[in-house]
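Please open the model in your viewer and keep the selection panel at hand. The stops below are to be taken in order.

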Amino acid sequence: GTSEEVAPPLQQSFMIPRKEINVVSDMAKWKRSQAYADYMGFILTLNEGVRGKKLTCEYKISEVGEDLQSSLQGADTCWTGNQASYRWTEAGAEKEDPIEKLVALLNTLDRWIDETPPVDQPSRFGNKAFRTWYAKLDQEAEKLVATVIPKHLADAVPEVAVYLKESVGNSTRIDYGTGHEAAFAAFLCCLCKIGVLRVDDQMAIVFKVFNRYLEVMRKLQKTYRMEPAGSQGVWGLDDFQFLPFIWGSSQLIDHPNLEPRHFVEENVVNENHKDFMFLECILFITEVRPGRFA
């Protein structure tokens with residue numbers, strides 16, 4: 001064809017992700033990649049979106065048919081090229097909100113925990129019932145992801161589902177760590193790249209979807225006594241999560257009276273944890289770790 005031809009919108013080919021970082025030198029390749037730029041752009045765009053905002057604040061989720069220009073503002077800080085992001089509607093179907101569908105997906109994972117109680121075993125940590133729970137996700141992941149992705153993008157499902165499966169911990173080691181959390185962020189990033197989520201719905205992505213994810217992961221960690229993967233010991237505040245410290249600190253920028261010295265005060269944490277992701281983390285740490293916060 002001639003160079004005059006315009007490429008059809010969203011002409012994408014999908015592939016099953018595979019592990020590409022195997023040796024130390026692979027890290028340099030990753031940091032030079034488009035995927036790394038997209039991922040970091042995604043984290044930072046969301047960080048800006050939640051700056052100074054409470055978890056409980058009101059926000060509107062953009063609808064179909066809103067001025068496309070407004071939907072692309074802010075997107076250029078995240079994606080290369082103007083990719084039209086849109087809310088999708090099935091022919092004749094009710095408008096379905098992908099945010100709500102993602103929360104429903106996470107609610108399903110939560111329900112499966114209730115249906116898969118821990119088993120009696122000699123070792124205290126790493127309850128083997130997690131493997132039963134994980135096997136169910138492994139089996140159902142593509143079906144779950146297909147509830148969020150519209151039919152015309154069905155080719156993306158097998159690729160995107162891998163990130164969901166990677167985001168809940170390792171079933172062999174029965175552990176969970178920040179690499180699993182990073183996979184969930186990559187899962188959300190993929191949904192933005194194919195236009196299912198809109199980058200300008202930052203608050204809904206962080207406060208509704210990611211925060212629900214954290215709740216479910218904490219329930220997994222506690223129920224199955226999961227080992228921390230790659231714990232930094234005393235150097236890492238939380239053995240399991242990392243992103244809520246980044247986005248949580250952005251929420252606290254310019255707060256009129258909450259200061260770092262307050263974070264060790266039990267009453268401050270109890271009164272404010274529903275508004276701030278960072279304080280939710282502190283509360284969880286006090287629940288699972290013995291001893292003083294010194």
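The model is predicted, so local features are reported only at pLDDT of at least 70 and side-chain atom pairs only at pLDDT 80 or more, while totals for chains, interfaces and linings use all residues. Residues are numbered from 1 along each chain as its sequence is written, and side-chain values use heavy atoms, with hydrogens and water left out.

**Helix α9**

Select residues 243-251, which form helix α9. Helices (H or I, at least four residues) and strands (E, at least two) are DSSP runs, numbered from the N terminus. Of the 9 residues in α9, 7 are buried, so the helix is largely enclosed by the rest of the structure. Here buried means under 20% relative accessible area, exposed means over 50%, and partly exposed lies in between (1.4 Å probe, protein chains only). Colour the buried set next: Leu243, Pro244, Phe245, Trp247, Gly248, Ser250 and Gln251. Then display α2 (34-49), α7 (178-193), α8 (202-223) and α11 (277-288), against which these buried residues pack.

**Two positive phi angles**

Move to the loop between α6 (157-166) and β1 (175-176), where Ile174 is located. The phi of Ile174 is near 50 degrees, a positive value in a residue other than glycine. Is Ile174 buried or exposed? Ile174 is buried, with a relative accessible area of 3%.

Select Arg225 next, in the loop between α8 and β2 (227-228). Although Arg225 is not a glycine, its phi is positive, at about 45 degrees. Arg225 counts as partly exposed, at 31% relative accessibility.

**His180**

Return to helix α7 and select His180. This histidine, His180, has 11% relative accessibility and counts as buried. Which residues does His180 contact, leaving aside its neighbours within four places in sequence? With contact taken as heavy atoms within 4.5 Å, the partners of His180 are Glu166, Ser167, Val168, Gly169, Asn170, Asp175, Tyr213 and Ala229.

**The cysteines**

How many disulfides does the structure hold? There are 0 disulfides in the structure. Cys192 is in no disulfide, and the nearest cysteine sulfur, that of Cys189, is 6.7 Å away. A disulfide is counted when a pair of cysteine sulfur atoms lies within 2.5 Å. Cys192 is buried, at 3% relative accessibility. End the tour at Cys281, which is buried with a relative accessible area of 0%.
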